[in-house]
Amino acid sequence: MIRAGKRLFLALWVVSVGGIVVGSGCATDIGEDASVRREALESRMRDWGVADAPAVKAKRAELDAAIAHESDSPILDSIEVRANGRYEGTDEKLKMLVRLPVEDYLGASADRAARRAETEVRLAQLGEVALKHRVRTCVPELEQLVHAERMKHFRSYVKRQQAMLDQNQKLRDAGQLDEVAALRFELVGHVKLARNRPVPPARVLELDPDAKPTIVLPSLRHKNPGLADSLEVVHEQVVRNNPEIDEFRARGKEFDALAEKKSVSRYPSVRYLGFGIEPVTYPGDKRQIEAQVAFNVPFGRGANAGARRYRSLALGQENAERAFVQGRVQETRAALEEINHFRSQSGHWRDLLARADKAEKAADRWWKKRLAGPKAISQLVDEVFDARSTVVDAQERAGYATCAVLSRTGLTVDEWPQ
């Protein structure tokens, strides 16, 4: 009977060792998929010129820390050695005990999954920061381009209006205009110059004035096809390219893994394994060998509550992702609608600019030949300026929409499917 009990205990010890070895031996290489996606992201960041931005470097360091954290909790990471010596007269007896503390090997697979999900979270956050760093200059650069375009038209406008003001002054001095009419024309002219002067955009310190802009004003080219704006296409592009989607999904994976870890913690598990031997025995005694195994038997109430909590958090991430995608899809479709409207009117904008050029040439010709007075020429120059400003306004609205598409999806309009 005693011998059968020893065999049963030894069998339990061997089975425990085997289970721990199997549980600790199923690890795979650290984040192969994450490594591929990281390299692709690093390549994009170099193309965007944001790879060395301080905020990007900070998130890259957090990603490196998460990768290192994936493998920093092995099941068997230490060994405990005990020695027990006994003295009886001139005899001494020494007993050695080797104990292996065992971590939660039943939840090891789930723990690795949670750590890998945390790496994916950090990778997604790196993508978010890189995109925000890229997008942050889109609107300021657009405003500078719009201001430069407005100033180009304004300089042409000032040149001609100032000529009218100078001629008005000459006619008044020559007595060909009454003083009231001349002063009124002069006052109205200076008010228009002051009112129509483009207001420069606010200075943005992070913009390099010598750097080449990363965007251009929306084009008025003849072939200007619209962008695909169906619900299916927009939804697909948002889900595929917005890095915040990856964070929602990675968080969900992390919570699912933590729920699984809590769930398996309800079952009994080995806490430590021990092996003892007597290297020194009393004269005439046989050397004794022993094995030890300790189990943890949980009640499971706390584990059940923890599992339910993490499953609820995982479900929350799914719903948060749906709400986020829905909002981004709506915003992206609105921006695409603005861009497509602008592109559909390209012919109208080109015709308006052509008419403005024609009117300006006529104003110059009539002015040189003195076929009309300063007031009539000035009014025509006003209309030319208004026509060109209308086109710039349309380009500005479409430009803001292109920045919106970039910030919501991570894609430029040139990358967007048609």
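1. Let me start with helix α6, where Ala182, Phe185, Gly189, Lys192 and Leu193 are buried (under 20% relative accessible area, with exposed meaning over 50% and partly exposed in between, using a 1.4 Å probe and protein chains only). These residues cover an arc of only 100 degrees around the axis, so they lie on the same side of α6; the arc is taken from the directions from the helix axis to the C-beta atoms.

2. A word on the source: this is a predicted model, in which local features need pLDDT of at least 70, side-chain atom pairs count only at pLDDT 80 or more, and totals for chains, interfaces and linings use all residues. Residues are numbered from 1 along each chain as its sequence is written, and side-chain values use heavy atoms, with hydrogens and water left out.

3. Back to α6: its buried residues pack against α5 (138-173) and α11 (374-409). The face turned away from that buried side carries exposed residues, namely Glu179, Val180, Arg184, Leu187, Ala194 and Arg195. The 18 residues of α6 (residues 179-196) should span 26 Å at 1.5 Å a residue, and the end C-alpha atoms are 26 Å apart, which agrees; the expected span is 1.5 Å times one less than the number of residues.

4. For the whole protein chain, you can count eleven helices and four strands (DSSP runs numbered from the N terminus: helices are H or I with at least four residues, strands E with at least two). Of its 418 residues, 39% count as buried. The chain exposes about 24,700 Å², with carbon and sulfur atoms supplying 54% of it (Shrake-Rupley method, 1.4 Å probe; for residues, only the protein chains shown count as cover). Among contacts with a separation of 6 or more, residues 24 or more positions apart account for 82%, a contact being heavy atoms within 4.5 Å.

5. Now the rings. Those of Phe, Tyr and Trp (its six-membered ring) pair if their centres lie within 6.5 Å, with planes under 30 degrees apart counted as stacked, over 60 as edge-to-face and the rest as tilted. There are five aromatic pairs by this rule. One of them is the tilted pair of Phe248 and Phe324, 5.4 Å centre to centre with 50 degrees between the planes. Phe248 lies in helix α8 (residues 243-264) and Phe324 in helix α9 (residues 301-344), so the pair ties together parts 76 residues apart in sequence. Both Phe248 and Phe324 are buried. Elsewhere, ring pairs link Phe154, Tyr157 and Phe385 into a cluster.

6. Finally, charges over rings (NZ of Lys or CZ of Arg within 6 Å of the ring centre and within 35 degrees of the ring normal). The charged end of Arg370 sits over the ring of Trp367, 4.1 Å from its centre. Arg309 has its charged end over the ring of Tyr310, 4.9 Å from the centre.
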